[in-house]
Amino acid sequence: MNETFSIDSVIESIKNLELPDVLRDFIGKIASGAKQLGRTVTSQLLCLYYVLKEGELSGSEKAWIYAALVYVLVPGDLIPRRVFNILGITDDALALGFVIAKVKDKITPQIEQKVAMQLDKWFGYEISMVDEQ
């Protein structure tokens with residue numbers, strides 16, 4: 001058979017996907033590397049995870065989130081963390097930030113609260129200094 005590739009058909013097949021096995025224990029996977037990734041990157045990962053898990057998403061939004069999460073979770077990387085340390089985390093943060101910008105309207109206050117609670121468990125409470133004038 002001679003089938004032609006279409007991004008629309010790929011997106012259509014992603015629309016009804018359940019969380020793949022690689023994401024089923026996502027919280028456990030990210031917890032083990034959270035300190036190395038830092039609070040900001042971990043926050044972005046958790047945010048996308050909760051949006052994927054709880055949000056009403058289009059097929060293309062799901063595809064972007066899956067791509068970003070897999071990019072960060074898969075050991076092979078354009079700029080490997082083990083070799084380039086902070087620079088290796090920067091490409092992950094950029095990929096996550098790009099996708100977060102695409103789905104920012106799906107990030108609810110409830111999702112933000114879940115992310116903050118999880119981060120506080122792993123990193124301790126974050127205290128912000130407020131200038132009272």
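**Figure 1. Secondary structure and surface of the predicted chain.** The chain has 7 helices and 0 strands, where helices (H or I, at least four residues) and strands (E, at least two) are DSSP runs numbered from the N terminus, and its pattern along the sequence reads α-α-α-α-α-α-α. This is a predicted model, in which local features need pLDDT of at least 70 and side-chain atom pairs count only at pLDDT 80 or more, while totals for chains, interfaces and linings use all residues. Residues are numbered from 1 along each chain as its sequence is written, and side-chain values use heavy atoms, with hydrogens and water left out. Of the 133 residues in the chain, 35% are buried, a term that stands for under 20% relative accessible area, with exposed meaning over 50% and partly exposed the range in between (1.4 Å probe, protein chains only). The accessible surface, from the Shrake-Rupley method with a 1.4 Å probe, amounts to about 8900 Å², and carbon and sulfur atoms account for 56% of this area. When contacts (heavy atoms within 4.5 Å) between residues at least 6 apart in sequence are considered, 68% of them join residues at least 24 apart.

**Figure 2. The largest nonpolar core.** This core, defined as a set of buried Ala, Val, Leu, Ile, Met, Phe, Trp, Tyr and Cys residues joined through side-chain atoms within 4.5 Å, contains 28 residues, and those with the most contacts inside it are Leu-45, Leu-46, Leu-48 and Ile-65. At least two core residues come from each of helix 3 (26-54), helix 4 (59-73), helix 6 (86-102) and helix 7 (109-123), and helix 3 gives the most, with 13 residues. Beyond its neighbours within four places in sequence, Leu-48 is in contact with Ile-65, Ala-68, Leu-69, Leu-96, Val-99, Ile-100 and Val-103.

**Figure 3. Surroundings of Gln-44.** Gln-44 lies in helix 3 and counts as buried because its relative accessibility is 17%. Leaving out residues up to four places away in sequence, Gln-44 touches Ala-93, Leu-96, Gly-97 and Ile-100.

Figure 4. The structure holds 2 aromatic pairs, for which ring centres of Phe, Tyr and Trp (its six-membered ring) must lie within 6.5 Å, with planes under 30 degrees apart counted as stacked, over 60 as edge-to-face and the rest as tilted. One of them, formed by Trp-64 and Phe-98, is edge-to-face, with 5.2 Å centre to centre and 70° between the planes. Trp-64 is partly exposed at 37% relative accessibility, and Phe-98 is partly exposed at 43%.
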